[in-house]
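Dear colleague,

Please find below the structure that I am handing over to you. My notes on the findings follow directly after it.

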Amino acid sequence: MSVLNFMKAAFSFQMVLSLFCWTANCQAPFSCEGQVFMVLNGSDELVELQINANQSVDNNTINDFPGVQIDALGFRSTDNFLYGLDPANHNLYKLDADGTLEDLGNPGLQGGLYYFAGDVTPDGHFLVAIGSAGGGGDLVLVKIDLEDPNYAAESFNFNSGTDISDIAFDPVTGNLYGYDTNDRSMVLINLTSGSVTSFQVTKPENEIMGIYFDAFGNMFAIGTTIFGVVAGLFTVDKSTGEETMRTTGPVINVADVASCPWGVEINIVADPEVTFPCSEITYTYNIANRSGETWTGIELEHELPQGFTILGISQNPFGGIVDTSTPPSIFRMKDMSITPGVKSFPIQVEVGDIAGDNYPSQAILKNLPESLGNTSLSDNPGSIFFNDPTSVKVNRIEEDSLFYNQLLCIGETMLLDVGNLGNNLLWNNGTTEPQLIVSEGGVYTLDAVSGCQTVFVSYDITYASCPFTIEMFHSLIPDSIFACNTLIYRFYIQNDTGIKREGFGFVDTLPEGFLFLDVVRNPFGGTVKTSFPSNGIYIKGMTMNPGIDSIDLLVEVGDVDPGVYKNRAEIIDLPLLLGPVRLSDDPQTFAFDSTALQVLGVGADSLYLEKVVCRENSILLDGRQYGNSYLWGDGSTEAQLVVVEPGEYTLTILDGCEPSYVFYTVTEGARVEVSIPQATIEIHQGESSVLSPLVLNQGGTPDFEWADPLGNSLSCLSCPSPVAMPLSSTIYSVIVSNEECVDSASVVLVVEESRRVYAPNVFSPNGDGINDYFYLQSPDNGEILSLTITDRWGSQLFHSASSFLNDAQSGWDGQSRGQNSDSGVFLWRAEMEFIDGKRELFFGEVAVLK
């Protein structure tokens with residue numbers, strides 16, 4: 001029997017089975033509509049891949065199945081169910097549209113292997129899976145007969161040196177593709193010979209978790225990108241294996257992926273995608289039928305955007321009748337016959353005299369069988385969304401004339417692009433191309449005709465030195481000074497126009513109380529205007545050559561108060577095209593701003609300050625902010641004076657216009673002392689200890705500031721006696737202050753991190769209430785992530801995905817599959833996570849006594 005005839009027969013059987021299941025209580029099949037299914041790692045969820053409104057990878061939960069792990073997932077075309085394997089215990093499962101599981105038992109797969117990659121053959125006959133040694137590479141390729149009531153499995157040697165994480169059949173060619181995590185590349189697998197052909201290596205930043213196809217034979221992959229930071233959805237080139245990222249989203253921990261490409265899908269391509277009012281476009285309908293059946297009586301309906309009119313259809317491989325009774329903006333074809341394969345046909349459409357905008361529209365196929373979803377909405381193949389409208393952008397220029405004035409830098413070229421104005425163009429130099437490259441100034445015009453609009457466009461191009469290529473920077477030497485002293489105002493003038501500039505001027509007005517003394521250096525020439533005030537300068541008729549040079553002005557700071565004094569000079573009389581004025585900029589700041597001078601000194605003749613010194617401590621009296629020349633009352637001339645006793649201290653500042661004085665009154669601060677009686681405290685991980693320091697305070701209410709090196713291990717950082725619960729050994733310190741004086745102390749907490757886990761080596765599950773359960777016990781804080789009991793041959797008798805320490809009811813009651821286990825010795829394995837987040841594995845033996 002051919003594959004096509006087999007799929008026809010299987011589809012008919014599926015319809016009968018669906019009617020039977022409507023009356024009997026059995027699983028409900030999916031409708032095959034191009035869905036992409038994923039099983040998630042850790043959460044044991046079956047989800048459907050989605051792309052949300054933010055163009056981000058997302059998913060919609062169908063159902064979860066706690067305690068059961070599904071991999072080697074494939075969609076069967078003949079009954080519309082998903083099939084998959086538990087990679088550890090090898091049971092075969094059938095999943096329905098509600099996400100419920102039917103356990104079909106163990107098909108007799110080779111023990112000691114894990115089955116992660118799988119898919120169903122295009123004819124629905126076999127579930128093909130690859131068995132690996134759990135990180136040690138692929139060893140066997142297995143075919144499970146889904147038509148056999150016992151689901152017999154046939155294994156073939158597949159020691160290919162690969163570690164394939166997922167496989168998928170191409171619905172067009174039947175070829176089997178996979179992803180090899182060893183070589184990080186897509187592979188092509190020959191089912192007959194078992195040979196593997198590798199493609200190019202995946203990009204370093206990408207990681208592939210699963211692959212799938214759509215009905216058109218397009219290959220996709222789901223995984224992560226940016227080195228695992230976000231999820232990634234990729235298209236894959238089947239000839240090279242190269243992946244191209246389409247979109248991203250929150251990371252999804254994917255265990256396996258399967259799609260249903262065995263239905264009927266339609267997409268629409270608009271050509272061109274961007275057009276103008278009163279123009280013609282073509283919509284091409286591409287219909288893929290992978291169901292293996294010819295469907296008759298199908299209807300296609302496409303309501304075009306308002307202002308679009310159907311002109312005609314040039315070819316039609318589907319037969320059917322075009323409904324001429326519909327409005328001119330609705331295309332409807334009835335009684336179509338859709339045969340297996342991919343076929344296309346175009347329609348011609350006129351875009352009317354409409355406003356500029358995006359115009360989306362979508363077609364629908366009707367009268368499909370229920371197993372294919374009854375209807376199929378068209379998809380835009382150019383977007384990342386599923387079943388989304390196809391858009392046409394209409395550009396419309398509302399103005400009759402457009403005028404542009406632009407500047408072209410000397411030695412450069414400019415691209416004038418008017419492709420958005422229409423497709424019938426004529427420049428004043430006779431060119432009809434949408435882009436024109438100009439290298440000199442002038443007026444360039446064109447007439448743009450498109451459908452029902454005509455636009456006149458004029459570009460006035462000025463050819464000259466570029467603006468903002470003359471700059472001035474203002475520096476101060478020094479940048480801080482005392483009153484009644486002189487400094488240099490240095491202005492760097494940079495000319496990057498490539499042309500000598502003549503006749504410009506320089507103007508600067510100094511702050512009040514400053515005096516211009518002399519021009520120390522001036523390579524730009526010009527004449528200093530003497531009519532300016534004494535705190536200003538104007539140099540006229542200057543010349544700047546290309547490059548950078550500087551002018552230095554000698555300035556005196558008069559008897560002014562301490563503070564910040566800003567200044568900004570100007571270059572004037574520049575050509576209008578360059579902008580007639582340039583302001584100076586401070587090169588020491590990021591912002592474009594004035595240059596600031598810090599005038600130092602004491603704000604008045606005398607300054608009175610109060611300080612506090614604590615017992616057995618010292619303070620530093622610092623006079624640097626007030627001047628450069630100092631004289632303390634004890635004769636010291638240093639900037640700073642160390643004080644250990646209360647008293648009166650005088651500092652004379654000898655800078656500025658006249659001497660000034662700073663009087664310090666130093667008083668003794670209120671005493672505070674802190675100590676912790678125990679220098680070292682020992683606890684076991686998960687236990688806590690109260691830290692209780694002893695405090696002697698002669699001042700106001702004390703403040704406590706605890707240092708927590710581990711973070712979040714103290715109950716409070718400002719309490720007198722916090723509770724410490726560190727997960728590792730650490731040192732805590734506390735600073736106690738009373739607004740005047742401070743003291744500190746520290747304590748060492750030693751944490752014992754050993755694991756105290758007890759597992760009995762024998763129990764008697766006979767229902768007498770004594771030792772009826774095997775469970776793990778510990779005084780430590782921890783969670784049992786998994787507990788597995790196997791016999792000596794590796795057969796699993798018990799598995800718990802989450803249980804608790806010291807809880808008999810969550811342990812093993814000695815039963816397997818509802819039957820009491822025989823007496824004997826069994827193996828147990830547990831993975832535990834402790835309070836510090838670390839996970840550890842524990843192993844052992846336990847004897848069952850009857």
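**Charged pairs and surface patches**

R671 is partly exposed, with a relative accessible area of 25%. Its side chain forms a salt bridge with E673, and the closest N and O atoms are 2.4 Å apart. E673 is likewise counted as partly exposed, because its relative accessibility is 33%, and the band for that class runs between 20% and 50%. Please bear in mind throughout that this is a predicted model.

Side chains of opposite charge can pair when their charged atoms come close. In this model, the count comes to 23 salt bridges. One of them joins the side chains of D353 and R396, at 2.6 Å from N to O. R396 counts as partly exposed, at 25% relative accessibility.

A further salt bridge is formed by D836 and R755, whose closest N and O atoms are 3.0 Å apart. Here too distant parts of the chain are linked, the residues being 81 apart. D836 belongs to the loop between strand 71 (824–834) and strand 72 (839–848), and R755 to the loop between strand 64 (742–752) and strand 65 (762–763).

D559, D561, D605 and E658 gather in a patch of negative charge. Within this group, D559 is placed in the loop between strand 46 (547–557) and strand 47 (563–567). D559 is exposed, because its relative accessible area is 66%, and exposed residues are those over 50%. The other patch is nonpolar, covers about 260 Å² and is made by V581, L583 and F592. F592 is found in the loop between strand 49 (582–585) and strand 50 (595–600), and F592 counts as exposed at 53% relative accessibility.

Finally, is S291 buried or exposed? S291 is buried, since its relative accessible area is 7%, and buried means under 20%. S291 sits in the loop between strand 23 (279–289) and strand 24 (295–303). The side chains of S291 and N289 are joined by a polar contact of 2.7 Å.

Yours sincerely

Technical notes: Residues numbered from 1 in each chain as written. Predicted model: local features only at pLDDT ≥ 70, side-chain atom pairs only at ≥ 80, totals over all residues. Heavy atoms only, no water. Patch = residues over 30% accessible without salt bridge, like charges linked within 9 Å, V, L, I, M, F, W, Y side chains within 5 Å. Areas by Shrake-Rupley, 256 points an atom, 1.4 Å probe, with all protein chains shown as cover. Salt bridge = Lys/Arg side-chain N within 4 Å of Asp/Glu carboxyl O. Lys, Arg positive; Asp, Glu negative; His and termini not counted. Charge placed at Lys NZ, Arg CZ, Asp CG, Glu CD. Helix = DSSP H or I, 4+ residues; strand = E, 2+ residues; numbered from the N terminus. Buried < 20%, exposed > 50% of the residue type's maximum accessible area, 1.4 Å probe, protein only. Polar contact = N/O pair within 3.5 Å; in protein donor to acceptor, adjacent residues only side chain to side chain.
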